[in-house]
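Dear colleague,

I am passing on the model that we spoke about, and my notes on it follow below. Please read them with the coordinates open.

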Amino acid sequence: MIEQIFFYMFSAVLLVSACMVITARNPVHSVLFLILAFLNAAALFVMAGAAFLAMVLVIVYVGAVAVLFLFVVMMLDVDFIALREGFQKFLPLGLTVGFVLMAEIGLSLAGFEASGTMRLAAATHRVAGLSDAASIGDLLYTRYLYVFELAGLLLVIAMIGAIVLTLTEGARPRRQDLARQHDRPIADTLTLVKPVIGAGIAPLPAREDVP
Amino acid sequence: MMSVLPVLFIGLGGLVMLLAGVLARRDHSFAITAAAIIVLALAGRLVFVAPDGVVLHGLLVTNGFTRFADILVLLGAIGGLALSIAYNKRTGIGRFEYPVLVLFAVVGMIVLVGANNLLSLYVGFEIQSLALYVLAAFARHSLRSSEAGLKYFVLGALSSGLLLYGISLVYGFAGTTGFAGIARAFSGDNTAMIGSTFGLVFVLVGLAFKISAAPFHMWTPDVYEGAPSAVTAFFATAPKVAVMALLARVLLGPFGGMLVNWQMLVEILAAASMIVGAIGGMRQNNIKRLMGYSAIGQMGYVLMGLAAGNQAAVRGVLIYLTIYVVMSLGVFGCIVAMSRKGRPVEQIGDLAGMAAEDPRYALALAVFMWGLAGIPPLAGFFSKLYVFLAAVRAGLDGLAVIGIVTSLMAAAYYLRVIKVMYFDRGEPGFDQRTVGMNAVIYASAVATALFILMPAPITEASTYAAHALMSAGF
């Protein structure tokens with residue numbers, strides 16, 4: 001009974017926050033709702049007995065991906081108002097197409113029936129005596145090693161791609177120069193001021209910026 | 001272990017070259033491209049070292065069919081790289097990452113061709129696509145190239161999503177991602193079940209995106225036009241072969257029991273592609289866009305062969321793909337050679353007067369255009385002949401009629417290029433061609449023109465490969 005209550009609670013919050021991700025006006029709010037959606041999905045994983053997957057979801061998606069999204073949203077100066085232009089115009093068409101697709105998928109899933117082999121696989125999927133993390137690792141590094149290594153290659157390609165498309169050699173490579181950083185005296189970087197209480201903050205004296 | 005050799009060799013070769021390129025202070029893009037060509041050629045030898053059979057817990061399969069497709073992929077990639085050397089240097093995008101990305105894309109294609117499980121299929125698909133997205137945008141100072149990369153990426157991501165959704169439905173139905181298990185689940189009374197049919201449709205759509213079959217072709221002309229010409233040459237050959245070979249294996253292997261379900265879909269794809277390719281190419285003035293529409297139409301003919309779904313059909317498809325790769329490399333060799341004072345030109349009108357200035361170039365391009373139009377006795381005629389025969393024998397008469405009408409229509413725009421070269425006045429004044437370009441252009445032209453004298457090696461190999469596919473099941 002209590003399990004069902006929790007299940008419906010997590011699912012409801014998940015669905016609502018997923019909807020908010022795409023409807024929120026402020027992109028930062030969208031990302032925050034996305035994090036909420038991930039957390040609820042993780043809770044559902046825990047309820048299904050997949051604790052390891054839940055942790056991975058939180059660590060990877062909330063810890064890395066969503067924060068990265070947040071960075072991108074904040075750093076890129078994208079005019080979201082301009083992006084929304086035409087939203088009203090295409091709304092009816094988009095809604096129609098989406099509704100038709102949804103109805104079709106719903107109809108098909110209503111009549112979905114797994115084959116005999118699937119029922120067999122579902123009945124025997126759990127290996128006795130192994131935790132889920134251990135069984136995932138067991139499969140990943142033996143049976144699916146080939147795919148696992150290829151996925152690594154995929155990440156290498158993504159990295160090369162990002163560097164090839166963005167790194168500009170020559171003009172002003174923004175490289176870190178440790179020697180120069182260490183050479184800077186404190187006086188160049190730090191100014192100590194003692195503001196008098198109640199007098200407000202006086203503007204700092206203009207100083208040449210050390211890059 | 002021996003079966004993974006080609007993938008391992010190319011992948012490690014790519015990584016070593018990446019390291020060499022990063023560590024070297026000077027620009028070594030020429031040496032690295034040459035090394036990449038050698039790696040691909042050696043991999044072609046390793047393809048034959050790999051023994052037949054299913055290995056790695058059913059993730060990878062090697063047989064006569066996959067070897068044939070591997071060799072075609074490698075051929076396309078080698079041709080594309082040979083064309084890229086001079087072109088990249090001239091247009092200022094000659095960087096060592098280019099051959100490395102091509103090598104990684106080839107790894108993806110070979111994984112794709114030999115995939116025996118939906119997991120390895122998807123990973124191969126993504127490796128190939130990701131490398132191709134970056135290559136399309138490789139000329140990053142060019143707005144059109146960036147646009148091509150972005151368009152390709154967005155639509156490619158969409159198609160990956162559809163493919164994954166289809167895979168999940170198939171898995172939900174069959175309980176396994178292995179091709180053998182899926183074939184077992186989809187045999188007998190199970191074929192008409194709704195879960196399997198839906199999964200099949202989504203998988204088919206995802207793959208149709210990649211071979212630019214209409215109605216999933218929207219990206220093709222823009223990407224062909226925007227991407228650097230050397231990249232387009234690579235796009236037009238290797239990935240098409242890899243995905244088409246995979247499509248044949250998936251449809252006849254795991255989904256072989258559902259022939260009645262997918263035959264109609266493939267027929268529709270084929271008819272739509274042939275029509276779009278024929279009509280869309282009519283009004284193009286940019287030769288790369290023209291080739292984009294040409295590719296759509298040509299894929300329609302291949303799909304027509306595939307729709308027949310028997311051994312003769314697979315044989316026709318393989319012969320078609322082989323000849324298509326050779327002719328495409330030739331045409332793109334000619335396109336890459338179109339430049340004035342180091343700046344590429346792409347309009348068909350720029351070719352005016354070519355016959356008087358450079359008869360050999362004009363004759364070679366004319367041979368390719370005649371070949372693509374399917375005029376006997378050139379190779380393109382025979383490739384069409386085999387797929388039409390397969391389609392008619394399988395009772396797909398309507399499709400064959402559409403094919404004949406559209407190839408007549410398409411002949412109009414292929415012949416227009418020849419007319420511009422031979423009968424219009426003008427002074428092309430193109431730059432000197434390099435050895436790499438000449439090698440690709442003349443080798444392809446000779447192969448296209450003289451195929452009729454010695455068709456046996458290709459037809460025999462195709463027969464063997466088709467037999468290997470049909471007898472293995474997949």
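In which helix of chain A is the place of A:Tyr8? Before the answer, please keep in mind that this is a predicted model. A:Tyr8 has its place in helix α1 of chain A, and the residue counts as exposed because its relative accessible area is 57%, which lies over the 50% cut-off.

A:Tyr8 also belongs to a nonpolar patch on the surface, which it forms together with A:Ile2, A:Phe6, A:Phe7, A:Met9, A:Val13, A:Leu36 and A:Met47, and the accessible area of these residues together is about 740 Å². The elements that contribute two or more residues to this patch are α1 (2-23) and α2 (27-47) of chain A, and the most comes from α1(A), with six residues.

Turning to the interface, the contact involves 32 residues from chain A and 39 residues from chain B. The size of an interface is often expressed as the accessible area lost when the parts come together; for chain B and chain A the buried area is about 3,000 Å², and carbon and sulfur atoms give 78% of that. On the side of chain B that touches chain A, at least two residues each are supplied by α1 (5-23), α4 (97-113), α5 (118-136), α6 (143-174) and α8 (194-210) of chain B, and α5(B) gives the most, with eight residues.

Most peptide bonds are trans, and most residues other than glycine have a negative phi. The bond that joins B:Ala214 and B:Pro215 is a cis peptide bond, with omega about 0°, and B:Pro215 lies in the loop between α8 and α9 (219-226) of chain B. The peptide bond from B:Pro376 to B:Pro377 is likewise cis, with omega near 5°, and B:Pro377 has its place in the loop between α15 (359-373) and α16 (379-393) of chain B.

Positive phi values occur at B:Leu56, where phi is near 55°, and at B:His57, where phi is about 55° although the residue is not a glycine. B:Leu56 is found in the loop between β1 (53-55) and β2 (60-62) of chain B, and B:His57 is found in the loop between β1 and β2 as well. B:Leu56 is partly exposed, with a relative accessible area of 33%, whereas B:His57 is exposed, with a relative accessible area of 52%.

With best wishes

Key:
Residues numbered from 1 in each chain as written. Chains lettered and ligands numbered in written order. Predicted model: local features only at pLDDT ≥ 70, side-chain atom pairs only at ≥ 80, totals over all residues. Heavy atoms only, no water. Patch = residues over 30% accessible without salt bridge, like charges linked within 9 Å, V, L, I, M, F, W, Y side chains within 5 Å. Areas by Shrake-Rupley, 256 points an atom, 1.4 Å probe, with all protein chains shown as cover. Salt bridge = Lys/Arg side-chain N within 4 Å of Asp/Glu carboxyl O. Helix = DSSP H or I, 4+ residues; strand = E, 2+ residues; numbered from the N terminus. Buried < 20%, exposed > 50% of the residue type's maximum accessible area, 1.4 Å probe, protein only. Contact = heavy atoms within 4.5 Å. Buried area = accessible area lost by both parts, 1.4 Å probe.
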